[in-house]
Amino acid sequence: LKSLEAAFNQRQEVKLIFWHHFDALGYVPRSWQNALAEMGKQGWVVVISSSRLETGAANQLKSLGYLISQRENLGRCLGAYRDFCRLLEQNQNLRDRIDTLVLCNDSVLPLGGVEPFCQQAENIHKQIRGKEAKLVGLTDSVQTRAYHIQSYFLSLNSALLKTSTWTEFWDNVDLAGSKDDIIQ
């Protein structure tokens, strides 16, 4: 939390990307390393959540100034998102400084290279500013029994982050069961 606060103190506008990673061997694809590096250059605070990072990857990511949060891979990416959002809720002084939060995972590679991915994140950041609570995803789906926004890339503004609806969602999400059960 102290490292997160220090990163926030270096910025007037806090754009935060929380990237959840899982690889049994701890490898981080070069495409993601490059995309996250560019996000950092564009002023985003980068937090990486992983249950295992290979030593070389961990050292590379730390050298770029990223914050690394190690946790058990419980509940897939939604479990990581929930834990992080609950942590922010418990530290509202940090939560309230976030202008845009991107919750993202490694299930899809940033195709097309670094620039399209980073430009899309910037475009969404600009679109969701304002006092109205907003949540944007890159892809929606009817793959399961219900329509949903896919969780590999979610972006929300500070107005949503501060709502009781957002907090209650994470308090009530059930991470037990299959992937389809979690989506439901």
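Are Phe117 and Phe153 buried or exposed? Both are buried (under 20% relative accessible area; exposed is over 50%, partly exposed in between, with a 1.4 Å probe and protein chains only). This is a predicted model, where local features need pLDDT of at least 70, side-chain atom pairs count only at pLDDT 80 or more, and totals for chains, interfaces and linings use all residues. Residues are numbered from 1 along each chain as its sequence is written, and side-chain values use heavy atoms, without hydrogens and water.

**View 1. Phe117 and Phe153 form an edge-to-face pair.** Rings of Phe, Tyr and Trp (its six-membered ring) pair if their centres lie within 6.5 Å; planes under 30 degrees apart are stacked, over 60 edge-to-face, the rest tilted. The count comes to seven aromatic pairs. In this one, the centres are 5.9 Å apart and the planes stand at 90 degrees. Phe117 sits in helix H6 (residues 114-127) and Phe153 in strand S8 (residues 153-157), 36 residues apart. Helices (H or I, at least four residues) and strands (E, at least two) are DSSP runs, numbered from the N terminus. Ring pairs also link Trp19, Trp32, Phe117 and Phe153 into a cluster.

**View 2. Trp166 and Trp170 pair within helix H8 (residues 164-172).** They lie four residues apart, about one turn of the helix. Their ring centres are 5.5 Å apart with planes at 80 degrees, so the pair is edge-to-face. Trp166 is buried at 9% relative accessibility. Trp170 is buried at 2%.

**View 3. Val142 lies in a loop.** The loop runs between strand S6 (140-141) and strand S7 (148-149). Val142 is exposed, with a relative accessible area of 62%.
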